[in-house]
Each structure stands twice: as C-alpha cells, then as structure tokens.
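Subject: Model for your files

Hello,

Here is the structure I said I would hand over. Please look at it first; my notes follow below.

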Amino acid sequence: GFRDRRLRLGGKMKRRGKGYRAGLAKVDRTQRYLLEEGLRLVNETARAKFDETVEMAVRLGVDPRQADQNVRGTVVLPHGMGKTVRVLAFAKGEKEREAQEAGADFVGAEDLIKKISEGWLDFDKAVATPDMMGAVSKIGKILGPRGLMPNPKTGTVSLDIAKAVKEIKAGKLEFRVDKAGIIHVPIGKATFGAEKLLDNARTVLTSILRAKPASAKGNYVLGVTLSTTMGPGVKIDLSQVRALAA
C-alpha cells in the first residue's frame, strides 16, 4: 500500500550516488554564501558526464494567485545560455525572408502549423508576426502547455521578426513565477566558469528585481538558491541581492 510505496521512495532517496554525497559534503546547508562563492561551489559540485546547466531558484514574497503579482519578464543573458536554441518563426512573404536572414531554424506558415498539429515539435522557441496569430492559435493547445506559444508580452509576437529571432539566439530568456512563488531560471553551463555565471546571475536578479509588482508587500526576495542539474542547492546571502536592488 501507500506505506510500502513511501518506503520504496524513501529507499530510492537514500541511494543517491557517491558523487552527490561528495558534493553535499562541500556545501554547508546552514550557510548563506555570497554569489561568487556560491557559483564556485556549484561548479565544484558539478559532476555529471554532460555539461550541467546551472539554475537559479528565486523565492519571492508575492501571491502568484493575484493577477497583479504574477511576476514575469524577459532577460538577455550577457554570455548566453551555452546551447543552440532552435527558433521557429511563423511568418509569410517578406517577413519570412527577414526571419530566415536573422537565423531562424524553421520558417513558414500553414505548412508548419499542419506539421505541429501532427506531432512535430523539434524546436525550442517560437516567434510570430501579429498577422499569423489567428492561424497559430489553432495549435494553442499544443504550444501553450509546453511554453512555446508566441506572446506579445514577451516580445515573441512582433512585426520586427528579425529582432525577435536575434534576441532569442543571443540568449534571451523568459521567466515566470510558479504557483509556489518561485522563479526557476537557467543561468548558463557549469563550464562557463564563475565569472561568466556571475554576470549572468546578476543580470537575471536585476531583471527580477525590476519586475517587482507595485502591490507586493514586505520583503520581495525571500531566498535565492543555486544548483546544477544533478548537484545540491547552495543558498545565497540576501544582503548582496538587496544591494543589487538599491
């Protein structure tokens, strides 16, 4: 029954690899680190055979159920994300050519909509010109839940389709607070080294601070944690984050 399942799950939790435990031993769970130290530690605990992504989780003092406290925005990482983002552009005619020249991986209109409705999803981001949105909305049920639906608020629906494509290719990210009041943002790869990661982290934090809703009361940033895909979380000293806000 439930207890057996819980024991099984518990057993699974305990069997975390030697590498994870070694990483955990380096991290003092009660300590809050400066960003620089935190990133150095995160790099030291990265141990997977692939180049791990470094993620920042920012816990906010907002109520995401209130529409006016639903924090979201976009940020261009100064050093990019360290991976090639495959961009699809919904565009016709002259705009189709502009998107292609800007470096979009896939460009088209009804042909792409048909392909996606049949199950094809080999791209990471989608942009569209405003005139295409009526047709694109037909596949909203497919794109929406996967975070692929173009949206004017994040600049992915735009007449300047070339700019939209170039920004994403340069490392533009969207962030959004989840139901638990936390924003999860990738800030690069472990191999970037601490300096580039620090630049990216500061840029992301500054964007999140700028997105503070006017109606948010009390402390806005309640916690910041850094981790790699497979490593333990490292807590960051908030005085440094508040200094960025100033």
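A residue counts as buried when its relative accessible area is under 20%, and as exposed when that area is over 50%. K189 has a relative accessibility of 13%, so K189 is buried. Please keep in mind throughout that this is a predicted model.

K189 belongs to strand β7, which covers residues 182-189. What does the side chain of K189 meet? It makes a polar contact of 3.0 Å with the side chain of T53. Beyond four places in sequence, K189 is also in contact with D51, E52 and V54, as well as with M81, G82 and L197.

Overall picture

The protein has 246 residues, of which 42% count as buried. Its secondary structure amounts to 10 helices and nine strands. Taking the contacts between residues at least 6 apart in sequence, 71% join residues at least 24 apart.

On confidence, the average pLDDT is 86, and 86% of the residues score at least 70. Residues 2-15 are a stretch to treat separately: pLDDT stays under 50 there. For that stretch the model has one contact beyond four places in sequence.

The sheet of β4, β3 and β5

These three strands form an open, parallel sheet, in the order β4-β3-β5. The edges are taken by β4 (106-108) and β5 (125-128); each has a single partner strand, so one side of each is left without a neighbour in the sheet. On average, neighbouring strands here are turned by 15 degrees against each other, with direction ignored.

β3 spans residues 87-90, and its parallel pairing with β5 runs over four bridges. Within that pairing, A89 is opposite V127 of β5. Helix α8 (residues 161-169) lies across β3 and β5, and runs at about 165 degrees to β5.

S158 sits in the loop that links α7 (140-143) to α8. Is S158 buried or exposed? Its relative accessible area is 18%, so S158 counts as buried. A polar atom of the S158 side chain lies 3.0 Å from the backbone nitrogen of D160. Apart from residues up to four places away in sequence, S158 touches A128, T129 and P130. Of these, A128 falls within the range given for β5, 125-128.

A216 lies in the loop between α9 (194-210) and β8 (221-228). With a relative accessibility of 11%, A216 is buried too. Which residues does A216 touch, leaving out those up to four places away in sequence? They are G61, V62 and Q69. How far apart are A216 and L60 in sequence and in space? In sequence they are 156 residues apart, while their C-alpha atoms are 9.5 Å apart.

K189 is in a strand, whereas S158 and A216 are each in a loop.

Regards

Technical notes. Residues are numbered from 1 along each chain as its sequence is written. This is a predicted model: local features need pLDDT of at least 70, side-chain atom pairs count only at pLDDT 80 or more; totals for chains, interfaces and linings use all residues. Side-chain values use heavy atoms; hydrogens and water are left out. Two strands pair if DSSP finds at least two bridges between them. Helices (H or I, at least four residues) and strands (E, at least two) are DSSP runs, numbered from the N terminus. Axes are lines fitted to C-alpha atoms, for helices over the stretch in contact, and angles run from 0 to 180 degrees between N-to-C directions. Contact means heavy atoms within 4.5 Å. Buried means under 20% relative accessible area, exposed over 50%, partly exposed in between (1.4 Å probe, protein chains only). A polar contact is a pair of N or O atoms within 3.5 Å; within protein, one must be able to donate a hydrogen and the other to accept it, and residues adjacent in sequence count only if both atoms are side-chain atoms. pLDDT is the predictor's confidence in each residue, from 0 to 100.
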